[in-house]
Amino acid sequence: MKRRKALKWTLVGVGGVGAVTLGGVGYVGYLWADAKLDTVGKVDFTNPLAVPPLAESTQDSSGTRIFDLEIQSGTVPFKNGRETDTWGINGAFLGPTIRAKRGEEVAFAVRNRLDEGTSIHWHGMHLPAVMDGGPHQEVASGGDWAPQWTLNQPAATLWYHPHPHGRTAKHVYNGLAGMFIIDDDTSEGLSLPSEYGVDDLPMIVQDRKFDDANQFDDQAAFLSMQGFFGDSIMVNGTLGPYFDVSTRLVRLRLLNGSLSRLYNFGFSDDRPFSLVATDGGLLPSAWETDRLQLSPGERAEIVVAFEPGETVQLRSYPASHGYTGPLGRVNGADDLLDVCEFRAAGTLTDETAIPAVIGEAPDLESAEVAEERSFALSGFNQINGESMDMERIDFGVREGSVEVWEVTNGDGYMHNFHVHDVQFQVLSVNGEEPSEHLRGWKDTIQLAPQWKYRIAMRFTDYTDPNLPYMYHCHILSHEDSGMMGQFVVLGEGEEIGQVPVVETAHSHG
């Protein structure tokens with residue numbers, strides 16, 4: 001019998017570099033061969049897609065819109081009528097969709113009713129550092145938090161989620177997440193689908209795994225370089241979801257809300273759809289495609305057309321890029337997943353359209369650059385060879401300035417990169433023009449192994465020499481392990497200060 005050639009994989013981790021030799025006929029080889037997940041045709045689409053309710057608000061005498069958010073525990077019968085322990089915001093699982101308009105003053109009464117500290121970070125939001133909800137704004141068990149700011153950015157699909165230092169993955173996995181939609185005069189004047197829950201759908205796509213007791217199982221997959229991968233896909237907390245389509249055009253606000261999993265979205269019949277917005281808002285014009293890859297934390301708005309009486313599934317196809325070597329398979333690169341089924345009615349209304357001109361293009365390519373910086377992500381927990389230190393401010397930027405950052409994935413694993421407070425323009429990828437799906441405003445970007453990304457951002461409005469914003473990998477096991485840094489925005493004459501000490505339950509040792 002001919003002996004199969006062994007596979008030799010190099011693993012870079014917290015403890016350094018080591019080699020693992022995997023025999024092709026051994027147990028590990030079997031696990032690798034069995035690692036591809038294919039759920040096509042195996043999902044019973046029997047549950048109506050849940051649409052998160054719009055968060056209620058009140059107005060005070062100054063016109064400020066006030067939202068009440070209570071972080072709480074609960075239970076949900078996801079499978080077989082058996083209850084699963086969960087966390088949620090104003091409910092047992094996930095949170096309401098917050099919706100407000102540019103120029104509005106918004107305030108939040110956040111109450112933490114969990115038995116441990118947590119926080120709410122407004123992912124993609126331009127706001128003062130003290131309102132950001134990062135690891136320096138943790139809300140103690142039983143505590144309250146009252147952030148308030150003026151919405152000052154274009155219409156966009158953002159989201160909110162916890163950001164406690166070293167525990168973000170657990171808190172998101174337990175159910176703490178929700179969408180935050182900003183409208184403006186431009187978006188409200190467009191003919192795009194816009195009726196929430198009818199032809200304008202929030203879609204928080206996440207993976208979960210359940211143990212024998214129907215509880216969430218958060219054990220990382222064997223040989224995974226990204227942490228956890230679930231074998232069940234849910235949308236807005238719904239397993240096996242279907243949606244009854246009543247309009248010819250439907251706008252899907254896609255959010256990759258998973259801890260680690262990448263999704264390469266497309267439809268079961270490979271129909272084209274139109275990308276109309278990325279993380280930071282509307283594109284100048286729509287881009288037609290049949291695949292759209294989103295890493296954790298990224299958002300996109302797409303518009304898809306349906307015909308009367310048809311049924312089609314939204315799927316996630318194997319990754320188009322982002323992995324090197326055989327470890328891609330055990331990190332989800334080859335997975336083929338049914339996500340949601342769309343069932344069109346026999347008669348569809350047709351009152352919306354995709355305008356030729358939608359938004360404005362990013363404008364930083366010709367801006368004067370005040371500083372250029374380089375960032376290399378490697379292993380599980382390092383940026384530029386260092387892990388996160390809550391008391392270390394890595395650098396300061398000047399208010400009003402434009403900077404260009406070159407960001408590189410320095411190893412063979414998948415990473416991505418998220419910057420708080422700002423939206424950035426992707427100038428180039430490996431020295432080439434960015435592809436169409438990267439030509440809008442972004443705050444999170446997937447980093448393919450060894451590729452170099454040049455991104456430009458302008459820092460405006462808010463300064464604080466002591467309270468930092470974060471930049472980090474949004475694969476949450478990497479973030480929690482220390483793949484994160486922090487910067488402050490400085491006003492004229494200000495110098496980097498001292499971060500207030502925040503007690504946390506986590507240390508990188």
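Among contacts in the chain between residues at least 6 apart in sequence, what percentage join residues at least 24 apart? The share is 78%, where contact means heavy atoms within 4.5 Å. This is a predicted model in which local features need pLDDT of at least 70 and side-chain atom pairs count only at pLDDT 80 or more, while totals for chains, interfaces and linings use all residues. Residues are numbered from 1 along each chain as its sequence is written, and side-chain values use heavy atoms, with hydrogens and water left out.

**Overall chain**

- The chain has four helices and 35 strands; helices (H or I, at least four residues) and strands (E, at least two) are DSSP runs, numbered from the N terminus.
- Along the principal axes, the C-alpha atoms fill a box of roughly 75 × 60 × 50 Å.

**Surface and charge**

- Of the 509 residues, 58% count as buried; buried means under 20% relative accessible area, exposed over 50%, and partly exposed in between (1.4 Å probe, protein chains only).
- The accessible surface comes to about 19,800 Å², and 46% of this belongs to carbon and sulfur atoms; areas come from the Shrake-Rupley method with a 1.4 Å probe, and for residues only the protein chains shown count as cover.
- The chain carries 37 positive and 72 negative charges, whose mean positions are 9 Å apart.
- For that count, Lys and Arg are positive and Asp and Glu negative, with His and the chain ends not counted; each charge is placed at NZ of Lys, CZ of Arg, CG of Asp or CD of Glu.

- Most residues other than glycine have a negative phi.
- N80 is not a glycine, yet has a positive phi of about 60 degrees.
- N80 sits in the loop between β5 (65-79) and β6 (82-89) and is exposed, at a relative accessible area of 68%.
- N384, also a residue other than glycine, has a positive phi near 55 degrees.
- The loop between β27 (382-383) and β28 (395-398) holds N384, which is partly exposed with a relative accessible area of 43%.

**E403 and its surroundings**

- E403 is part of strand β29 (residues 402-409) and counts as buried at 3% relative accessibility.
- Its side chain makes a polar contact with the side chain of R373 at 2.6 Å; a polar contact is a pair of N or O atoms within 3.5 Å, where within protein one must be able to donate a hydrogen and the other to accept it, and residues adjacent in sequence count only if both atoms are side-chain atoms.
- Leaving aside neighbours within four places in sequence, E403 is in contact with V369, E371, R373, V397, I455, A456, M457 and F459.

**Two further buried sites**

- G332 lies in the loop between β24 (311-316) and β25 (337-349) and is buried, with a relative accessible area of 13%.
- Not counting residues up to four places away in sequence, G332 touches F229 and R261.
- G332 and G117 are 215 residues apart along the chain, and their C-alpha atoms are separated by 31 Å.
- S274 belongs to strand β20 (residues 273-278) and is buried at 11% relative accessible area.
- Beyond four places in sequence, S274 touches A286, W287, E288, E301, I302, V303 and I354.
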